[in-house]
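User: I've got a model open and would like to walk through it with you. Could we settle the terms as we go?

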Amino acid sequence: MSPLLLRSLHQHSAESLLVFALRLMLLTAFVSGSARAQMGGIDTDPGDRGTGGTNVIQGRIFLPSGRRLDRRAQVKLRSSTGGAEQYQLSDDTGAFSFRRLTGGSYTLNIDAGKDFEIVVETIDIVAPARRRSDPGMVVPVNIILKAKSNLSPGKVGTIDSSAGRAPDAALDLYKHAIESAKSGDRKKAIEQLNEAIAIYPNFMTALNELGVQYMALKEWQKAANALRNALKIAPEAFHPRLNYGITLLQMKDYSAAAIELQKAMAKDATSASVCLYLGRARLSLNDLDGAERDLKQAISIGGEEGVEAYRYLGAVYIEKRQGDRAAEALETYLKLAPKAKDADRIRGIIREQRGAPPAKP
């Protein structure tokens, strides 16, 4: 990851916002599967302690066709260490989340009704040692439903017959690709995803995952192509839209990125990722008020994206010539991310901003 290339105030004043923003963009590389971003699923009971940890399982349920589930499903979570089973309903976009979880093995049980098989999925949270104040992990989970075999082929309803059902061979390849990606073999994952898509070209979830893998390899044009194809199949889908916006941001097409990210936000305003990246796009477009608003929203949602948002909020305040506020934002970032590789540089920036003259009226 490249260090943050902020300069002193007298140096920065001679640079354009675009150059500054481009340098700031070097900060964040999203080289993991978490590029899919946080999903929906609002914390409806903040009084629930979960299993007493700080981690989150955040999931989305998809129809066999690859489209998102458009109604509620029953979702249960049980820890391998015992304790009470947790239960909730997904929202009407198939999103759900379980919060305040300790590390360990969990079993998800998804019941989407009489038309689908019950899905049982094992989730392992391998959490590294953290300080008590550190944010936990967000573990994304995609659940693909399977239609019951006794349904008539042309039955209309929740199965989304307009797109058809992904064949078992394509689904198996998709699952193998996910495992390959988890093990770090992204090239193999890409091969398996392409094989799945060759069998079933309308496999939106596989196309989105293909985009994610190319994003992790920083092959932005290939990622954009895969995500555009996913959006042709499912224009209303949140994750391909978000990932496409992020990809355009990395390709420095800031106007197009902002448009895509605004569409994603209209689908799920609870995603810290969409708020963070939309804020970054607006910063690059010199929409400082809009960037400030989006970054503050990311912070209020929390998670790793909320921590990262403090860095860019500091950049917004530097552009606004609000030195004290810039310093406060960057100080907060260092408290939340004390092991940042460029911590010394940021401390130097903080000192400069504390001594910066006030903004002219």
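Analyst: Let me start with a term: a contact here means heavy atoms within 4.5 Å. This is a predicted model, in which local features need pLDDT of at least 70 and side-chain atom pairs count only at pLDDT 80 or more, while totals for chains, interfaces and linings use all residues. Residues are numbered from 1 along each chain as its sequence is written, and side-chain values use heavy atoms, with hydrogens and water left out.

User: Fine. What do the buried residues of helix 6 pack against?

Analyst: They pack against helix 5 (204-216) and helix 7 (238-250). Helices (H or I, at least four residues) and strands (E, at least two) are DSSP runs, numbered from the N terminus, and buried means under 20% relative accessible area, exposed over 50% and partly exposed in between, with a 1.4 Å probe and protein chains only.

User: Which residues of helix 6 are buried?

Analyst: Trp220, Ala223, Ala224, Ala226, Leu227, Ala230, Leu231 and Ile233 are buried there. As background, an α-helix has 3.6 residues a turn, so residues three or four places apart point the same way.

User: And how far does helix 6 reach from its first C-alpha to its last?

Analyst: Helix 6 covers residues 220-233, 14 residues in total, and reaches 20 Å, close to the 20 Å expected at 1.5 Å a residue; the expected span is 1.5 Å times one less than the number of residues. Helix 8 (254-267) also has 14 residues and reaches 20 Å, close to its expected 20 Å, and its buried residues are Tyr254, Ala257, Ala258, Glu260, Leu261 and Ala264.

User: Let's zoom out. How many helices and strands are in the protein chain?

Analyst: The chain has 13 helices and seven strands. Of its 361 residues, 52% count as buried, and among contacts between residues at least 6 apart in sequence, 63% join residues at least 24 apart.

User: Which residues touch the most other members of the largest nonpolar core?

Analyst: Phe203 and Tyr333 do, in a core of 76 residues; a nonpolar core is a set of buried Ala, Val, Leu, Ile, Met, Phe, Trp, Tyr and Cys residues joined through side-chain atoms within 4.5 Å. Helix 11 gives the largest share of this core, nine residues. There is also a second, separate core of 22 residues, which includes Ile57, Leu63, Val75 and Phe116.

User: Which residues does phenylalanine 203 touch?

Analyst: Leaving aside residues up to four places away in sequence, phenylalanine 203 touches Ile144, Ala166, Ala170, Leu171, Tyr174, Ala196 and Ile233.

User: Now the strands. In what order do the four strands of the open sheet run?

Analyst: The order is 3-2-5-6, with antiparallel pairing; two strands pair if DSSP finds at least two bridges between them. Strand 3 (86-89) and strand 6 (119-125) are at the edges with a single partner strand each, so one side of each is left without a neighbour in the sheet. Four bridges join strand 2 (residues 74-79) to strand 3, and glutamine 74 stands opposite leucine 89.

User: What about strand 7, is it mostly covered or mostly open?

Analyst: Strand 7 (residues 138-144) is mostly covered, as five of its seven residues are buried. Strand 1 (residues 55-62) pairs with strand 7 in the parallel sense over seven bridges, with valine 56 opposite valine 138.

User: Last one: which residue has a positive phi of about 60° although it is not a glycine?

Analyst: That is arginine 321, placed in the loop between helix 11 (303-319) and helix 12 (323-336). At 32% relative accessibility, arginine 321 counts as partly exposed. Lysine 252, likewise not a glycine, has a positive phi of about 70° and lies in the loop between helix 7 and helix 8.
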